[in-house]
Amino acid sequence: MSTTDQKIRILKGASADLSAATYQVCNESHTMGNALRWILMKNPKVEFCGYSVPHPSEPNIQIRIQMYDNLSSLQALLKALDDLENLCNAIGEAYSESLQNGDFERWDEKS
Amino acid sequence: MDVNPRRLVGIGAERISNVADSEFPGHYPNEDNSWDLEKFKRKLTVQVQRLSQRSIEFDLVGVDASIANAFRRIMIAEVPTLAIEHVYVFNNTTVIHDEILAHRLGLIPLNVDPALLDSRKDGDTPTDRNTLEFKLHLECSQNPAFNKSSLTTNPNPSDDDLYINHQLLSGHLQWIPVGEQSDRMTDVGPTTKDIVLAKLRPGQAVDMTLHAVKNIGSVHAKWSPVATATYRLHPNIIIKSPIPIERADEFAKCFSAGAVKVDKKGVVKIDKKGMRNDTVSREVLRDPEFKDMVELSRIRDWFIFSVESESAYKPEQLLPEAITVMKQKISEMRASAMQLSQASEDVPMADV
């Protein structure tokens, strides 16, 4: 199926300025697909964003991004990835803070 | 507890409502709702609730289901662990077939920190960097200390009385350190030593060499670091009109124990802590009188995670590991997207 070892490919039919494009991401699933879809939809410059897993036994997802004002969907994707990383860091920090606070019940679990 | 009604997923007798989040740019007039890290941080709460040596319960409040679900999925399927993958059978005269025994061996959780080893792709040569070696050798025999005369004192002898080594246990795995491994790790073996792998009778024996490698749960569930990793949404019960005093106890019985408290006068109150554990069974909605007095719902962005570790990871390590994996995925995608944007102007488009 895949002829290249690229992680992301732009599928046929994208507009020339990439203001509307479908990206195929290899070796990803709903895990990244849905998270990216959500954060892309949080971008006010994104007109439409959706993702699909075209076939359950192929490890690919497709993300469709359409932009307002002929902006580049690729730049929106890059911004979404940055935002998602910041979000991950924020959750990680909040979690370790809560863990260090020690303000929780500890109990002994018999195995 | 007053919760913004926008955050609630309505639960009716036979339907649920407002399942999806609607806070996107352009949805509400005069509201921004675009991604804002500072705003996100203000709303975010992560609170560990319970921790044991095997499991953790924590609240993740203020994130979308897609994010919470990503972490749940990663914890189950993409955090790497070690498991036995290759089994070399020299002798197996037990009643368990080689392939069944090999499968059972694969499922044994190992107590090795996966960070100490590299993953091994198909076709890679096994080295001390990517493979752990174990020996499994056991022979069953009669117990010479037990003979016919022992039957008079012990007429119902157990297997332990009659035989030596009549059970093949996970604790029989013997780690063979290779190369530098003995410097880098100690006491490698199964997390639980009393898993029965096979039962033996005198004359039966097992002699195997095993290779454990690092991989992820999406390849095979034996590499999954968790027994369970689930979340549920925080329940929310609202009493809209006072409950008749004479039916207060009946009302309380519609909920999980502790969710609804009735005081001496018969006044009904929702207990915040108890509400958390309510199953939202909707029993209360079956009563024609009660059904209009309450509103059942769940809080859409309040995830109560429950994670049980079944691996070398401590339960509190699993979310940080999942975050690390997520960030790896992001940087992998970013590298590729950067390449595309640099090659831009003339991006080659792929056929589907």
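The model is a predicted one.

Chain A is a handy place to start. Its open sheet is built from four strands, lined up as 1-2-4-3 and paired in the antiparallel sense. Out at the edges sit strand 1 (8-10) and strand 3 (46-52) of chain A, each of which pairs on one side only. Going from neighbour to neighbour in this sheet, the strands are turned by 20° on average, with direction ignored. Strand 2 (residues 20-26) and strand 4 (residues 60-67) of chain A are joined through seven bridges, again antiparallel. To pick out one position along that pairing, A:Thr22 faces A:Arg64, which belongs to strand 4 of chain A.

Helix 1 of chain A brings A:Met32, A:Ala35, A:Leu36, A:Trp38, A:Ile39 and A:Leu40 to the contact, while helix 2 of chain A brings A:Ala76, A:Leu77, A:Ala80, A:Leu81, A:Asp83, A:Leu84 and A:Leu87. Sorted by class, that makes twelve nonpolar residues, one charged and no polar.

Chain B has a crossing of its own. Here helix 2 (residues 65-77) and helix 9 (residues 318-343) of chain B cross at roughly 100°, and their axes come within 9 Å of each other. This pair of chain B helices is therefore roughly perpendicular as well. On the helix 2 side of chain B, the touching residues are B:Ala70, B:Phe71, B:Ile74 and B:Met75; helix 9 of chain B answers with B:Leu318, B:Leu319, B:Ala322, B:Ile323, B:Val325, B:Met326 and B:Lys329. The tally for this contact is ten nonpolar, one charged and no polar residues.

An open sheet in chain B also has four strands, here in the order 5-12-6-10 with antiparallel pairing. Strand 5 (81-92) and strand 10 (174-176) of chain B have a single partner strand each, so one side of each has no neighbour in the sheet. The average twist from one strand to the next is 30°. Helix 3 (residues 98-106) of chain B packs on this sheet, where it touches strand 5, strand 6 and strand 12 (205-215) of chain B, and its direction is at about 150° to that of strand 5 of chain B. Strand 6 (residues 132-139) and strand 10 of chain B share three bridges in an antiparallel pairing. In strand 10 of chain B, B:Ile176 is the residue opposite B:Glu133.

As for the contact between the chains, 57 residues from chain B and 55 residues from chain A take part. Together the two chains bury about 5,400 Å², of which 66% is on carbon and sulfur atoms. Over all chains, the whole structure holds 24 salt bridges, and five salt bridges are counted between chain B and chain A. One salt bridge links A:Lys7 to B:Glu332, with 3.3 Å between the closest N and O atoms. Another salt bridge brings the side chains of B:Arg50 and A:Glu105 together at 3.1 Å, N to O. B:Arg50 sits in strand 3 (residues 45-51) of chain B and A:Glu105 in strand 5 (residues 105-106) of chain A, so this pair joins two chains.

Terms used: Residues numbered from 1 in each chain as written. Chains lettered and ligands numbered in written order. Predicted model: local features only at pLDDT ≥ 70, side-chain atom pairs only at ≥ 80, totals over all residues. Heavy atoms only, no water. Axes fitted to C-alpha atoms, helices over the stretch in contact; angles between N-to-C directions. Parallel < 35°, antiparallel > 145°, perpendicular 65-115°, else oblique. Contact = heavy atoms within 4.5 Å. Nonpolar A, V, L, I, M, F, W, Y, C, P; charged D, E, K, R; others polar. Pairing = 2+ DSSP bridges. Buried area = accessible area lost by both parts, 1.4 Å probe. Salt bridge = Lys/Arg side-chain N within 4 Å of Asp/Glu carboxyl O.
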